[in-house]
Each structure stands twice: as C-alpha cells, then as structure tokens.
Amino acid sequence: MTTQVPGTLADRIRGQVIRPEDPGYEEARHVYNAMIEARPHLIVRCAGTDDVVATVRYAAETGRTVAVRGGGHSVPGFGTADDAVVVDLSSMQAVDVDPGARTASAGGGTTWGRFNDATAASGLATTGGIISTTGIGGLTLGGGIGYLCRAAGLSCDNLIAAEVVTADGRVVTADEDENADLFWALRGGGGNFGVVTRFTYRLHPVETIYGGPMFFELSDAPAVLTFFREFIRDAPREYGGFPAFQIAPPLPFVPADRVGEPFAAVVSCYTGPAEEGERIIDGLREVAMPVAEHVGPMPYPALNSAFDPLVPPGLQHYWKAAFVTELTDEAIAAHVEHGPRVPVVNSTVHIYPINGAVHDVPSDATAFGHRDADFATVIAGMWPDPADNEANTRWVRDYYAAIAPHSQAGGYTNFASADDAPKVAENYGANYARLREVKRAWDPGNLFRLNQNIAP
C-alpha cells in the first residue's frame with residue numbers, strides 16, 4: 001500500500017513510499033553497516049525507471065539529499081542519511097541474458113548473486129565481487145575488483161552501456177557513442193553522476209572453476225606471501241585468487257581444535273581446465289602444507305557466494321584500503337605483524353591482485369585511476385558487538401598505518417570509510433581532474449553527493 005506524501009510523490013510512482021510513521025520504516029531505514037543510524041525523510045522502493053525519475057525530481061524540488069541504495073553494502077552507509085530521500089532500487093533486479101551476443105542487462109538493484117545465477121545458466125559470467133549479496137551498481141561504478149578481473153578486467157571494464165537518471169530528472173543512455181563523457185565517468189567515478197537504473201555487461205565463458213580456500217599456519221605467512229608475490233606476476237590470467245588473513249570458521253573441512261584460530265589463507269579461483277588449476281594450486285602446497293582446505297571444482301556462483309555467511313546484515317563495519325605497486329618485503333612484514341590480530345571471524349584482510357587484463361586497459365580509458373597498481377588491499381573490519389567498536393576500529397587503523405608507507409596514495413573507493421573523504425582526490429587517482437569536469441557538466445548542484453564525493 002502506498003502512503004500519501006507531500007508533493008504528491010506517491011501519486012507519481014508505482015512503487016512503495018515509506019515514511020517514518022509507516023509500518024516497516026524501522027527495518028527499511030537500515031543498511032548493512034549497523035554503525036549507521038540515520039533517519040531518512042522518505043524511502044522509495046522504486047518499481048522502475050519512471051519511479052526513479054519522479055523520486056529524483058521530488059528530492060530536487062524539496063531541497064533534500066538523494067541517497068541511492070542498491071545492495072546496501074556501502075561501508076559509510078551512503079544508501080541512507082538523515083532527512084534524505086532514499087532511492088531504493090532493490091525491487092529492480094530483472095536480468096536479461098543474450099547468450100549469442102554474450103551480454104546481459106540488469107536492473108540497478110540487482111545483486112551479484114542474482115546476476116550470476118542468471119548468466120551461469122548460459123555458462124557465462126562477468127567480473128563481480130567476492131560477496132554475492134553486494135549490488136552490481138556500487139561495485140561497478142567504483143571499479144569492480146573480483147575473482148575474474150585478471151582474465152576479464154574490472155566490472156567497469158565490462159560495462160558496455162548504462163541507463164542513467166540525471167540530476168535534472170532526464171533518462172539518458174551512456175555508452176561509447178552516446179554521452180561518452182558520462183560513460184567514461186561512470187566506470188570508476190562512483191555514484192557522483194546520476195542513478196544508474198540499468199547496466200549492460202559483456203560476458204565471458206565461465207562455468208566450473210577450480211579453487212577454494214586454503215588455510216596455512218601463521219608461521220608460514222611470510223613464505224606464502226612471498227611466493228604469491230612472485231607467482232602472480234606471470235600467473236595464467238585464468239587464475240584470480242588472493243592471499244588473506246582469516247579466523248577459521250566452524251566448517252567441516254577445518255579441524256575442530258583449530259576453529260576460531262587466525263590463519264594465513266589463499267583463496268583460489270581458476271577458470272581454465274581443472275587439471276591445470278590443480279597443478280597451479282599445488283605450487284602453494286610446495287611452499288607450505290595447508291592446515292585445512294576446501295579446494296576443487298565448483299560452479300563459479302558457488303565460490304562467489306562462499307563467504308556470504310560471514311557478512312550478514314547488521315554487523316559493525318569499518319574498513320581501510322590501499323593500492324600497492326609492489327608487495328615489498330617491508331609490506332609483507334607489516335601484514336605478518338598485523339594480519340594475525342584479526343579480531344573476529346567476520347573480519348578479514350584480502351590482498352587482491354589487479355594485474356593481467358586490468359593493465360591492458362589504458363589508464364585514461366575509464367575513470368578508474370589506479371591502473372598502475374598490482375594489488376588492492378582491503379582491511380575489512382566487521383564484527384557483531386558494538387561494544388568492540390573502539391578496539392576493532394583501532395586494529396583497522398593501526399594496520400592501515402603500518403602498510404600505508406608501502407602503498408600508493410589513495411585507496412579503492414568501494415572499500416573506503418566515511419572518514420576517507422579528505423582523500424577523495426587520491427582515491428580517484430590520476431583521473432580526478434577530468435572527473436570534476438564531468439561532475440560539473442552532469443551534476444553542477446551536487447545533488448548526488450552521498451558517495452565518495454567529487455565536488456563540482
């Protein structure tokens with residue numbers, strides 16, 4: 001049932017308008033990060049692009065901030081804000097796959113889990129993230145690092161068209177031929193330029209992958225990280241794994257007496273022949289014997305959703321990120337010192353390789369501004385108890401301070417926290433000046449400012 005609201009917004013849309021006094025408001029106002037306690041003016045669950053247009057116009061007319069929510073995973077909670085108008089795209093999850101053309105179009109609120117299931121039916125995929133409940137929108141607009149990026153490029157490299165609702169309430173198409181400046185900015189510039197209501201991607205043949213997690217003793221962490229640094233330089237592009245630090249969860253393949261202990265880990269994903277993937281992963285076993293592992297053939301969507309249970313809604317979140325040109329011995333030493341202090345099973349550290357196909361794309365071809373980096377590190381602090389906020393936030397900050405001298409200036413915007421706003425120019429990197437020009441052209445009033453914001 002749609003509630004009447006001032007400005008007759010409810011009369012203009014097919015979806016649902018939720019006000020503070022309505023049933024369901026308390027649930028609807030929350031995002032994944034439970035640290036975020038905002039009370040938006042309205043939450044509009046849009047049924048389609050026309051609803052988005054009406055909602056954006058309503059926000060502009062009433063002088064309120066627009067908060068765009070796809071999957072709701074934004075660590076700073078950009079999918080909500082006090083007195084904001086929330087454009088909730090979660091009902092817009094239709095996915096249309098064209099197996100012959102190897103493309104797929106998906107609504108702006110689609111999650112990677114839904115997208116992967118739709119494309120996997122045709123033996124196809126594109127670069128998504130590591131958690132399948134993440135929205136395709138936020139990940140793609142910020143770049144899009146995932147298992148397939150060494151072989152297929154970033155998510156944004158596989159975006160071939162976008163339908164966008166602009167700050168003045170128009171609906172435009174952005175691709176290489178139409179509104180090319182906007183299309184360039186969408187691929188790495190975040191949600192600064194409009195609400196993307198439909199994404200069209202290039203797909204790649206991906207069916208069964210060979211991979212999974214391996215846990216190593218902390219004493220083996222220096223050898224594992226050093227091996228991975230050398231291995232990944234020339235590794236087949238079909239390999240998309242990453243090293244990590246992780247507390248072992250209570251899973252059948254983990255010895256019962258080791259559950260709850262921190263380990264060095266490597267998560268592997270090989271999209272080529274299984275026997276070749278097995279040979280490559282055997283190289284890790286020659287460096288150190290795993291304490292536990294769950295490695296073998298599996299559907300790509302199974303790996304892409306394997307860590308979902310560790311990231312339920314309602315955790316406390318505080319993250320930091322860094323781009324790394326070279327994983328030096330000094331950087332490895334910093335990881336070995338701080339990684340084992342990972343506080344709870346939900347928290348983790350991932351060191352994603354972003355070479356291979358990511359480096360094939362010229363640095364100025366998209367807005368993603370760190371094509372010269374070889375790794376993207378994320379220190380993902382996530383925990384259930386607010387009483388631990390101070391201690392666990394300190395772990396993230398201390399860890400980041402230790403790796404920062406060995407990293408590039410700036411980090412991956414999709415992993416940035418709210419207090420990273422002063423580093424926005426560094427986070428967007430080499431293309432920041434051009435991004436500001438596009439922002440001035442498409443959103444001069446900065447209506448879309450709930451993001452890692454590029455001031456016009």
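Residues are numbered from 1 along each chain as its sequence is written. Because the model is predicted, local features need pLDDT of at least 70 and side-chain atom pairs count only at pLDDT 80 or more, while totals for chains, interfaces and linings use all residues; side-chain values use heavy atoms, with hydrogens and water left out.

**Exercise 1.** Find the domains of the protein chain, then describe how domain 1 and domain 2 meet.

*Solution.* Start with the bounds, which come from an automatic or database domain assignment: domain 1 covers 15–88, domain 2 covers 95–205 and domain 3 covers 208–423. Finally, Thr49, Val56 and His73 supply 42% of what domain 1 buries against domain 2, more than any other three residues.

**Exercise 2.** Work out how helix H8 packs against helix H11.

*Solution.* First locate the helices, which are DSSP runs (H or I, at least four residues) numbered from the N terminus: H8 spans residues 221–234 and H11 spans residues 329–338. Their axes, lines fitted to C-alpha atoms over the stretch in contact with angles running from 0 to 180 degrees between N-to-C directions, lie 10 Å apart at an angle of about 140°. That angle makes H8 oblique to H11 (under 35 degrees is roughly parallel, over 145 roughly antiparallel, 65 to 115 roughly perpendicular and the rest oblique). Then list the partners: Ala221, Pro222, Leu225, Thr226 and Arg229 of H8 touch Asp329, Ile332, His335 and Val336 of H11. By type, these are 5 nonpolar, 2 polar and 2 charged (Ala, Val, Leu, Ile, Met, Phe, Trp, Tyr, Cys and Pro count as nonpolar, Asp, Glu, Lys and Arg as charged, and the others, Gly among them, as polar).

**Exercise 3.** Which residues of H8 meet H9?

*Solution.* Helix H9 holds residues 274–287, and its axis comes within 9 Å of that of H8, crossing at roughly 145°. Ala223, Val224, Phe227 and Phe231 in H8 meet Ile280, Gly283, Leu284 and Val287 in H9. This set divides into 7 nonpolar, 1 polar and no charged.

Technical notes
Helix = DSSP H or I, 4+ residues; strand = E, 2+ residues; numbered from the N terminus. Contact = heavy atoms within 4.5 Å. Buried area = accessible area lost by both parts, 1.4 Å probe.
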